[in-house]
Amino acid sequence: MKHKIDFILNNEKITHEVEPNRTLLSVLREDFDLTGAKEGCGLGECGACTVLLNGKPVNSCLLLAVEADGQDILTIEGLSSGDTLDDLQISFIENGALQCGYCTPGMVITAKALLDENPHPTEDEVKHAISGNLCRCTGYQKIVKAIMTVAEKDSAQ
Ligand code: FES
Ligand code: FES
């Protein structure tokens with residue numbers, strides 16, 4: 001039996017019906033074609049599936065879609081506006097902070113939550129914030145630099 005859920009998805013009010021055992025990740029990817037959040041481990045270990053729930057990063061592979069009822073969900077697709085990328089997305093590109101890109105949506109959305117809460121983090125705070133997001137390619141230094149570039153740019157304004 002399906003359950004009706006009402007939630008905000010990338011700033012739009014959505015009503016949807018889901019089976020009670022489906023994860024938010026599967027519903028985002030399969031029902032809404034929002035394929036930025038990735039399934040890596042499916043166990044809450046890698047952060048590839050990270051989305052924001054009421055502004056906080058969560059592993060959408062561990063969340064049931066019914067738990068999104070009444071909540072505000074932001075995925076990587078909701079960060080850009082039309083063809084205009086968010087500063088973090090631009091900085092990741094400019095700093096070469098991605099290789100295969102599998103971890104990137106989760107990294108960017110986690111960084112977004114950090115900068116929303118703490119616009120001028122230290123490098124250690126950035127490292128701590130992304131500690132739940134695994135990257136097999138970059139060695140993390142360029143990712144940290146990309147996030148710090150945005151934080152420092154904002155502090156210079
Ligand atoms: S796929 Fe969700 S944490 Fe790895
Ligand atoms: S860029 Fe490949 S896993 Fe991070």
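Colleague: In this predicted model, which residue forms a salt bridge with K4?

Modeller: As a general idea, side chains of opposite charge can pair when their charged atoms come close. Here K4 is paired with D6, and their closest N and O atoms are 3.1 Å apart. K4 is exposed, at 51% relative accessibility, while D6 is partly exposed, at 33%.

Colleague: How many salt bridges does the count come to?

Modeller: The count comes to 9 salt bridges. One of them joins the side chains of E117 and K56, at 3.0 Å from N to O. E117 lies in helix α3 (residues 104–117) and K56 in strand β4 (residues 56–59), so this pair ties together parts that are 61 residues apart in sequence. E117 is exposed, with a relative accessibility of 61%, and K56 is partly exposed, at 47%.

Colleague: Which residues do salt bridges that share partners join into one network?

Modeller: The network consists of K2, E19, R22, E30 and D31. Within the model, E19 forms a salt bridge with R22, their closest N and O atoms lying 3.5 Å apart.

Colleague: Is R22 buried or exposed?

Modeller: R22 is buried, with a relative accessible area of 16%. Its partner E19 is partly exposed, at 26%.

Colleague: How many disulfides does a search of the whole structure find?

Modeller: The idea here is to look for a pair of cysteine sulfur atoms within 2.5 Å. A search of the whole structure finds 0 disulfides. As for the accessibility of individual cysteines, C100 is exposed, with a relative accessible area of 58%, and C137 is partly exposed, at 31%.

Technical notes:
Residues are numbered from 1 along each chain as its sequence is written. Chains are lettered from A and ligands numbered from 1 in the order in which they are written. This is a predicted model: local features need pLDDT of at least 70, side-chain atom pairs count only at pLDDT 80 or more; totals for chains, interfaces and linings use all residues. Side-chain values use heavy atoms; hydrogens and water are left out. Buried means under 20% relative accessible area, exposed over 50%, partly exposed in between (1.4 Å probe, protein chains only). A salt bridge is a side-chain nitrogen of Lys or Arg within 4 Å of a carboxyl oxygen of Asp or Glu. Helices (H or I, at least four residues) and strands (E, at least two) are DSSP runs, numbered from the N terminus.
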